[in-house]
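The sequence and structure are shown first.

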Amino acid sequence: MARRIVEQELSRERILDAARELFVSEGYRSVSMRKIAGKLGYSHGSIYYYFQDKAELFYALVVEDFNALIVRQTSLLFRLQQRDVQALKQLMLEFVRFGLDNPHHYEIMFLIRDPELKRYSRTEQAENMNLFASIIQECLNDHPDREKLQFTLPWNLFMALHGLISYAIQFELTYDEVLPLATQHVDLLCSAFEVGGLSYAKPGLRFVPKRRVSV
């Protein structure tokens, strides 16, 4: 039987796009090469021309998505021509923008729960984190607590951004909808670079602990 007519020719990029969507919506273990091919209107044998197996396809997704993020970040730093706290704020907002403009990419990169799959993204996550950490460490050059903060602060800032992005993705919020809150969030996080810690925090964003009730 002749292959049914499809609207577009098969390509590596189309396979990756279809696989990304299926992996996020159905989970890695529930998706087969045959299902990916069926979504594209091709026989599963056609996909094996581009990828040896599902694991290779998944790893290609991880590499492509992290490369796209790093290109955006390095391009931004090149345009800014500086590495200070203001540049760091722009870098952090660009990370938020990437996550919300590309939620399926972000989920593949940072939200996959399958232990077997996490190893595929470790190298790329580390490369991205090293870039982020290098900017933070430069911003801490004159800070009296540099030795203490240079290793812990990058992870603290990343996890705070990751929480914001994950929350926004869960509720299908756009970058424009989140931008006012994200800007305040980034300003508050970057108050760590001010001597005295959170003295830079804006009114209305401070955490007020609940009073203990004595019994």
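## Largest pocket

In this predicted model, the largest pocket holds about 300 Å³ of space. Its lining consists of Phe-23, Val-24, Gly-27, Tyr-28, Glu-107, Ile-108, Leu-111, Ile-112, Arg-113, Asp-114 and Leu-117. At least two of the lining residues come from helix H1 (12–26), and at least two from helix H6 (103–110).

One of the lining residues, Asp-114, also takes part in a salt bridge with Arg-29, with an N to O distance of 2.9 Å. This pair connects distant parts of the chain, 85 residues apart: Asp-114 belongs to the loop between H6 and H7, and Arg-29 to the loop between H1 and helix H2 (33–40). Asp-114 is classed as buried because its relative accessible area is 15%, under the 20% limit. Arg-29, by contrast, has a relative accessible area of 58% and is therefore exposed.

## Enclosed cavity

The count of cavities of 30 Å³ or more comes to one. The largest cavity has a volume of about 50 Å³. Around this cavity lie Gln-73, Leu-91, Met-92, Phe-95, Asn-128, Phe-132, Phe-158 and Leu-161.

Helix H5 (85–101), H7 and H8 each contribute at least two residues to the lining of the largest cavity. The largest share, three residues, is supplied by H5.

## Fold and packing

The protein chain contains nine helices and zero strands. Of its 215 residues, 41% count as buried. Among contacts between residues at least 6 apart in sequence, 69% join residues at least 24 apart.

Ser-121, located in helix H7 (residues 115–139), counts as buried because its relative accessibility is 6%. Beyond its neighbours within four places in sequence, Ser-121 is in contact with Val-62, Phe-66 and Met-109. Arg-14, in helix H1, is partly exposed because its relative accessible area is 21%. The C-alpha atoms of Arg-14 and Leu-40 are separated by 7.9 Å, with the two residues 26 apart along the chain.

## Salt bridges

The structure holds 12 salt bridges. Side chains of opposite charge can pair when their charged atoms come close. A network of salt bridges links Arg-12, Asp-17, Arg-20, Glu-64 and Asp-65.

Within helix H5, Glu-94 and Arg-97 are three residues apart, about one turn of the helix, and their side chains form a salt bridge at 3.9 Å, N to O. Glu-94 is buried, with a relative accessible area of 14%, whereas Arg-97 is partly exposed at 31%. Another salt bridge joins the side chains of Arg-146 and Glu-147 at 3.8 Å, N to O. Here Arg-146 counts as partly exposed at 22% relative accessibility, while Glu-147 is exposed at 60% relative accessible area.

## Surface

The protein chain exposes about 13,100 Å², of which carbon and sulfur atoms supply 52%. Tyr-167, Phe-171 and Leu-173 make a nonpolar surface patch of about 300 Å².

Within this patch, Phe-171 is placed in the loop between helix H8 (146–170) and helix H9 (175–189). Phe-171 counts as partly exposed because its relative accessibility is 47%, a value between the 20% and 50% limits.

Conventions. Residues numbered from 1 in each chain as written. Predicted model: local features only at pLDDT ≥ 70, side-chain atom pairs only at ≥ 80, totals over all residues. Heavy atoms only, no water. Patch = residues over 30% accessible without salt bridge, like charges linked within 9 Å, V, L, I, M, F, W, Y side chains within 5 Å. Areas by Shrake-Rupley, 256 points an atom, 1.4 Å probe, with all protein chains shown as cover. Salt bridge = Lys/Arg side-chain N within 4 Å of Asp/Glu carboxyl O. Helix = DSSP H or I, 4+ residues; strand = E, 2+ residues; numbered from the N terminus. Buried < 20%, exposed > 50% of the residue type's maximum accessible area, 1.4 Å probe, protein only. Contact = heavy atoms within 4.5 Å. 1 Å grid on protein atoms, 1.4 Å probe; cavity = no way out; pocket = protein on both sides within 12 Å on 5 of 7 lines; lining within 4 Å. Points joined across faces, edges and corners; volume = space filled by probe spheres on them.
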